[in-house]
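Here is a short tour of a predicted model. Keep the sequence and the 3D view open as you read.

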Amino acid sequence: MDGRLNWCRSGVVALAVILIGAMPSNAQSIEEKTQICAGCHGADGKPIDKTIPSIWGQQQGYIYIQLRDFKRGDRKSDIMQPIASAFERDEMLAIADYFSKKPWPDLGQPRAPKDVSERAMKANASVGCTGCHLDRFQGDGTVPRLAGMGRDYLTKTIADFRSHARANNPGMSDLMNATSPDDLTALEEYLSGL
Amino acid sequence: MNKHSMVCATLVGLAGILAGPANAQETKQETKSAAGVAAVSPVTQEQLNAADKNSKNFLLTNGNYAQTRFYPAKQIGRDNVKNLHVAWIFQTDVKESLETSPIVVDGVMYVTTSFSHVYALDAKTGQQLWHYNHKMGPITTYCCGPNNRGVQVLGDLVYVATLDAKLVALNAKTGDVVWSTDIADPELGYSETMAPTVVKDKVLIGTNGGEYGIRGFLKAYDAKTGKLIWTFNTVPENSVGVWATKDATGRDMHRDIQAEKAQLAKTGDPYAKLGGGVWQNPAVDLATNRIYFVVGNPSPDLDGSNRPGDNLYTDSLVSLDLDTGKYVCHSQYIAHDVWDLDAVSPPVLVNVKDKSGKTIPGVIHAGKTGHIYVHDRKDCSLIRFSEAMVPQENMWVLPTKDGARMLPGANGGVEWSPIATDPGQELAYAINLHQPMTYHVDSSPYPNGKLWLGGAFKVIPSEKQSGNITAVDYDTGKIKWQVKTPEPMIGGILATAGGLVFTGEGNGKFAAYNSSSGKELWSFRAGAGVNAPPSSYMVGGKQYIVVGAGGNTQVDFHRGNNIIAFSLD
């Protein structure tokens, strides 16, 4: 990891602790509660680091569940756990609602070539990604949008599902482990270019 | 400035921004638009009881309480069906998987779409009368698409169950909400896609969630108030059963009973997270005041290691007393299922021949296994099962880490698609999938309402898929005729007194067949997957056939948003 980025991430955590601790979270506006998020997820919705997910325009239920899981420790993250731990359920839902209404950021990722798209579609037909992520991978409810997500984040989180480093959705771990690495690479390229 | 410096600058700037103004938060609003009022008379219980003889309306999801999907009108018949043409097309606001069974009351049609929208339409013209856009909660957790299979009407209320696990009663004339009640917690994996069955002032509703570690149920609510009357847990606290080693057809399921008993001693009965959803409507036997329904798969789908025992009453036909919800009998098709070849297509009440040839009240169910099972209605016991309607290979090989090939694939056979029957011909009509798959197992602990498959089902890309329409003589179990289709079939089928069956395909084809021979007599291309059960009705002395063409999420058929009604010249 880049040392400066590591330093800044530590800064995010430290600032989160200071800011969230300085004022009761229920006395903060939604902008105040979500300011901290821009440090990594981007002030314009474009993540600063490509391995960090886009949350602008993401499904509300999905964002809420991830915040809940960070707080519970079901999804591990030294950065997100202290931030999410400051919030109660209603606040998480409000934060999730706030970001879900932001426009989905265009990360400018290239559309996958035809052969890659076809391979991705075959992989989808085999394990049924769109059975949950829905048509055109837009997501709904507690299932995330994948279309246009950062490619490096997709690569990282799929790898984390496969290794169970991301353990808050074993169903996804099962499906990712049942899919070949080459097919997953094609899916990552295809999805990021949608 | 590089990106890392920007992070730091952002952090430094945060404190100064924190005092910014609060945004007014938007809330998802329930909306209702009305172009008119649905001029309907209240639907009486007597009308519902006699729905099987009603050649004007289509009052229940599967035609009548016996769920025969046999429509008694015969204006459209074998001789003139070739003249069938589009009467009108209504385009819904939702272009996503469409599984609705249109309900028709006195010229007013009620249809639903994905995400729990409800529309009232003029059944003669397709004109929208009102639209109920459900205010969906932020948490929805569902398998196999945001589907909705329809409504039922009693009195002046229209009942719909929603994706966020609510039961809602709407004013049949206006679409206004009269009452709404929470059925279960969607954060724990509960959701609703089935149409309610309303009978004797009770609204009967099951639940989805077998892929999320729920404890399944069938509930009865007071139709006037929405108050809960009874709950039947589809998984009893003693779910162990008889340690069955063979399925209902007598085939060995390769269970390791000793290992299961050791697991039971170690972790106890797994009933609390054992799944057992109820995906489709119960049939109602008005003469005995009993209901019959089927229960879905155990959780997790493919991993049986942490759920020792038969996992009662998953993968079973179950009968209850309508008034009390008390258990009467059951018959389990697959004990300790690790293939998700569960029971989802709604059961049908017909008279059948028992083993001695005597005609008795029966109940039949089409399984994902590809068999039609014929039961004695009195005690649920299995009388016979049909010839397999789809290829079966390597049953019951256990799932492995790298995947074991077995046919049928996990969607069936017969999925949730309702069958139709023609009691005069003693035939049941089922639509089937053929999707070769490998079954993979991977153990993981209960994930708090998340997807919990315990492995994966994988379609084998190199193997050809197909489907079929099959007519089975339920008194002999023999296949009478079968029509092969180029793609797997999911949606539903309707038989009519005109000697026809109507069904659709994922490629957009909607067709009529001679119900005695399977000969195709008419077809239409809808432009999107016809993966919904057809209905029929009469308005102004004219018979109509109506069906949704919206594709399907589960099998990924081309999406659309059309409700299409057909009539003769």
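## Chain A: helices

Chain A has 10 helices and zero strands. Helices (H or I, at least four residues) and strands (E, at least two) are DSSP runs, numbered from the N terminus. Read from the N terminus on, the elements of chain A go α-α-α-α-α-α-α-α-α-α.

How much of chain A is buried? Of its 194 residues, 60% count as buried. Buried means under 20% relative accessible area, exposed means over 50%, and partly exposed lies in between, with a 1.4 Å probe and protein chains only.

Now take the contacts in chain A between residues at least 6 apart in sequence: 67% of them join residues at least 24 apart. Contact means heavy atoms within 4.5 Å.

## How to read the model

Residues are numbered from 1 along each chain as its sequence is written, and chains are lettered from A and ligands numbered from 1 in the order in which they are written. The model is predicted, local features need pLDDT of at least 70, side-chain atom pairs count only at pLDDT 80 or more, and totals for chains, interfaces and linings use all residues, while side-chain values use heavy atoms, with hydrogens and water left out.

## Chain B: sheets

Strands of a sheet pair through backbone hydrogen bonds, either parallel or antiparallel. Here, two strands pair if DSSP finds at least two bridges between them.

One open sheet in chain B has four strands in the order E20-E21-E22-E23, with antiparallel pairing. Strand E20 (348–353) and strand E23 (382–385) of chain B are at the edges; each has a single partner strand, so one side of each lacks a neighbour in the sheet. On average, neighbouring strands of this sheet are turned by 35 degrees against each other, direction ignored. Axes are lines fitted to C-alpha atoms, for helices over the stretch in contact, and angles run from 0 to 180 degrees between N-to-C directions. Inside the sheet, strands E21 (residues 359–366) and E22 (residues 372–376) of chain B run antiparallel and share five bridges. B:His365 has B:Tyr373 in E22(B) as its bridge partner.

A second open sheet has five strands, ordered E2-E31-E32-E33-E34 (chain B), and its pairing is mixed. Its edge strands are E2 (70–71) and E34 (520–525) of chain B, each pairing on one side only. Strands E32 (residues 500–504) and E33 (residues 509–514) of chain B are antiparallel, joined by five bridges. B:Gly504 stands opposite B:Phe510 in E33(B).

## Chain B: buried places

Why is strand E28 (residues 455–459) of chain B called largely enclosed? Five of its five residues are buried, so the rest of the structure largely encloses it. B:Gly455, B:Phe457 and B:Val459 point one way, and B:Ala456 and B:Lys458 point the other way. E28(B) pairs with strand E27 (residues 437–441) of chain B in the antiparallel sense, over five bridges. Opposite B:Phe457 stands B:Tyr439.

B:Ile490 sits in the loop between strand E30 (478–485) and strand E31 (493–496) of chain B. B:Ile490 is buried, with a relative accessible area of 0%. Not counting residues up to four places away in sequence, B:Ile490 touches B:Trp416, B:Ile431, B:Val530 and B:Phe557, among others.

## Aromatic rings

The whole structure holds 21 aromatic pairs over all chains. Rings of Phe, Tyr and Trp (its six-membered ring) pair if their centres lie within 6.5 Å; planes under 30 degrees apart count as stacked, over 60 as edge-to-face and the rest as tilted. Two pairs follow.

| Pair | Type | Centre to centre | Angle between planes |
|---|---|---|---|
| B:Phe90 and B:Tyr119 | edge-to-face | 5.2 Å | 65 degrees |
| B:Tyr159 and B:Trp179 | tilted | 6.0 Å | 50 degrees |

B:Phe90 in strand E3 (residues 85–91) and B:Tyr119 in strand E6 (residues 118–122) of chain B are 29 residues apart. Both B:Phe90 and B:Tyr119 are buried. B:Tyr159 and B:Trp179 are buried too.

B:Phe502, B:Phe510, B:Trp522, B:Phe524 and B:Phe566 form one aromatic cluster.
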